[in-house]
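Hi,

As promised, here is the structure we talked about. Have a look at it first, and then read on for what turned up when I went through it.

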Amino acid sequence: MREQVLASVLANPRVEPHLAIWGWEIATYLFFGGLAGGMMLCAGTVILARREGQAPFAAYRAPLVALVLLAVGMTTLFLDLERKINVWRFYATLRVTSPMSWGSWILLLVMPAMALLALAGLAQGFPALERLLRRLPLVGRPVVGPIIDLCVALRRPLAGINVALGVALGIYTGVLLSGFNARPFWHSALLGPLFLVSGLSTGAAVIVLGARTVEERHLFGRIDLGVILVEMALIALYLIDMLNGDALQHQAVALLLGGAMTGLFWIGFIALGLALPLLLEAASWRRPVAVLASLASVLVLVGGFLLRDVVVTAGQRTSWSNFHNQFNAGLLDRLRKDGENPSGRF
Amino acid sequence: MPHYAMVIDTRTCIGCTDCVDACRMENSVPEGLCYDWVVEITQGRYPELKTEFRSERCNHCSHATCVAACPTGASQYWNGSNIVVVDATICTGCKACIAACPYDARLIMQPQGYIGKCTFCVHRVQYGEDPACVATCPAHAMHFGLLDDPTSNVSRLLAGREHYVLAPETGNEPNVFYLR
C-alpha cells in the first residue's frame, strides 16, 4: 500500500472546494466567446459567398448580436478576475508563451472587427438604429455617417477579417485550457478544434433562432446538423486519445466514465445537447418545421454551455499529485457549520 | 544566474509542521491559507510499514509553467535566479498560474486578490539568511543554498545522499530535493 496523507492543511481547491480556480464565469465566457466566433465565421462566409439574399439575418444582423453576446461573455470574464484594478495590465505586454495573453489581444481585435461589420449591415439589419446614429448631434453627420459609408464599401474585406478572427477566437477558447500541462484533463490539443466546432454549432443555432425567413432557418439548421456530426467525431477522438494515454489521462477521463461528471456529460451534453438536436434537425431535413428547429437550437445552446462547464470543472479536479486529506471534506464542513475555522486550527 | 535549492532530509523530518507555522508568521499568510504543507507517506504492508514526512512547497522550477502561463508578466523569476515570485502590482488574479502549477503551490490571497505563493523568503535570502521554514526546523532536516557552489551545504548533501524531486516528468525541473 502507499498512502499520502496531508499532515497540515493545504490551501488548495481539491482540499478546500471553495478555493476553486475557475467557476461559472469562465464557462460562460468560453461559451459566449465560442458562440461569437461561430457567428463571425457564419456572417463573414455568407457575405464572401454573396448569399445575403438567402441569409439576411446572418449577413446584416448577426455581427451586432454577436458583439452584444461577446460583451456579456467579457463581462463574466472580468467578474472572474480576483484583482480587477489591474485588468489593464493585459494590454501592457504580450507574453508569447501565455495563451491567455494571446486571447486578450485577439479579443481586442475581434471587438472592432465585429463592430465595423455590424455598421456595414446596419442599414438593412437595423434601419432605425442606423438613422439614429446618423442623426446624432455633433458627430452624426460629419463622423458617424462617413464611417458607416466606408464600412459598407469595405464589407467584403471586413467579412474576410471576421472569418479569420472568428476562427482564431473559437480555437483560442479551447487552447486557453489545453495549454495547461498541469491539468491532464485539459492537456489535449483536440480541445481547440472541439471548442471551435462547438462554437460554430452554437453560433448557427443563434442564427436559426434569429432568422425571420424559413429559407435561412432551414439553411442554418442543415449546416448545424453537419457541424454536430463533426463535433461528435471530435468528442470521440478526445475520449479515445485519453483512454489510450497514460495513468494521469486515465484518471482524468474517468471523471466522464463513471466519475463525478458522468451524468452531466452523457445525459446533459451528449444526449440532450448533441444527439437530440441532431435527430430533430434530421427530421426536418426535407420539410422545415419551425418548432423543431427552434427546439433544436435551444438544446444546442444548452449543450454548448454544458460542454464548457463540464470541461472547466473537470480539469480542475485533475492534477499530478493525489492526496488523501486526513481532515476529510465532510468533516471539515461539519466543523465549519459548528462555527469553527478548521484551517485556522492546523 | 544564482540557482537556489532546498534540500529536505526525509529521514530526520519528524512531521511537526513547524515549517508551516514559521512561514505563516514570517509572511503574514492570511488565516486558513498556507504557502507550505506537510505530507505523510505511508508505504508497505502491516506490520512492516514505513512512514516518511515531506515538507512541500513551491518547487521554484527552472522551467516554471506558471511563469510561462502568466499573461501579464506578474509571475516572474526574481533577479535572474530560479526563485519564482509574483508582483502584486501587476497581477490581475486571472488564476492561469494556479491552473498551470503541477504542484498546486499557488493560492489566491484573500481579500486582496493577487496570487500568493512561497517566495523562498527572498526578503531574507537577499541578506544571506535562510528562509523562515529552514531557520525554524527543530530537527535540522531542512537546508537551503546555492547549487552553483559545489562547496555549499546543499550541493554536498546532494552529492553524498540519494535524493529525489516531486514529479520530474512534468519537465518543470523542480528545485526542492528530498533526501531518502
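In chain B of this predicted model, strand S9 (residues 163-164) runs antiparallel to S10(B), and two bridges hold the pair. Across those bridges, B:Tyr164 has B:Tyr178 as its partner in S10(B), while B:His163 sits opposite B:Leu179. On to another partner of S10(B): strand S1 (residues 4-9) of chain B pairs with S10 (residues 176-179) in the parallel sense, over four bridges. There B:Ile8 stands opposite B:Tyr178.

Put together, these strands belong to an open sheet of four, ordered S8-S1-S10-S9 in chain B, with mixed pairing. Its edges are strand S8 (142-146) and S9 of chain B, each of which pairs on one side only. Helix H6 (residues 153-160) of chain B packs on this sheet and touches S1, S8, S9 and S10 of chain B. The direction of H6(B) makes about 110° with that of S8(B).

Which strands make it up, and in what order? It is an open sheet of three, S1(A)-S2(B)-S3(B), and the pairing is antiparallel. S1 of chain A and strand S3 (48-56) of chain B are at the edges with a single partner strand each, so one side of each has no neighbour in the sheet. From one strand to the next, the twist averages 20°.

In total, 41 residues of chain A are in contact with 44 residues of chain B. On the chain A side, strand S1 (2-6), helix H3 (99-120) and helix H14 (342-345) each supply at least two residues.

A few words on chain B overall. Its secondary structure comes to six helices and 10 strands. The radius of gyration of chain B is 16 Å, close to the 16 Å that the globule rule gives for 180 residues, so chain B is as compact as a globular protein of that length. Along the principal axes, its C-alpha atoms fill a box of roughly 50 × 35 × 30 Å. Buried residues make up 46% of the 180 in chain B. Of the contacts in chain B with a separation of 6 or more, 55% are between residues 24 or more positions apart.

Last, one helix in chain A. H1 (residues 24-48) of chain A has 25 residues and reaches 36 Å from its first C-alpha to its last, close to the 36 Å expected at 1.5 Å a residue. Is H1(A) mostly enclosed or mostly open? Of its 25 residues, 21 are buried, so H1(A) is largely enclosed by the rest of the structure. Just after H1(A), A:Arg50 takes a positive phi of about 55°.

Over to you!

Technical notes. Residues are numbered from 1 along each chain as its sequence is written. Chains are lettered from A and ligands numbered from 1 in the order in which they are written. This is a predicted model: local features need pLDDT of at least 70, side-chain atom pairs count only at pLDDT 80 or more; totals for chains, interfaces and linings use all residues. The expected span of a helix is 1.5 Å times one less than its number of residues. A residue is buried if 20 or more other C-beta atoms lie within 10 Å of its own, exposed if 12 or fewer, and partly exposed in between; C-beta atoms are placed from the backbone. Two residues are in contact if their C-beta atoms, placed from the backbone, lie within 7 Å. The radius of gyration is taken over C-alpha atoms; the globule rule is 2.2 Å times the number of residues to the power 0.38. Two strands pair if DSSP finds at least two bridges between them. Axes are lines fitted to C-alpha atoms, for helices over the stretch in contact, and angles run from 0 to 180 degrees between N-to-C directions.
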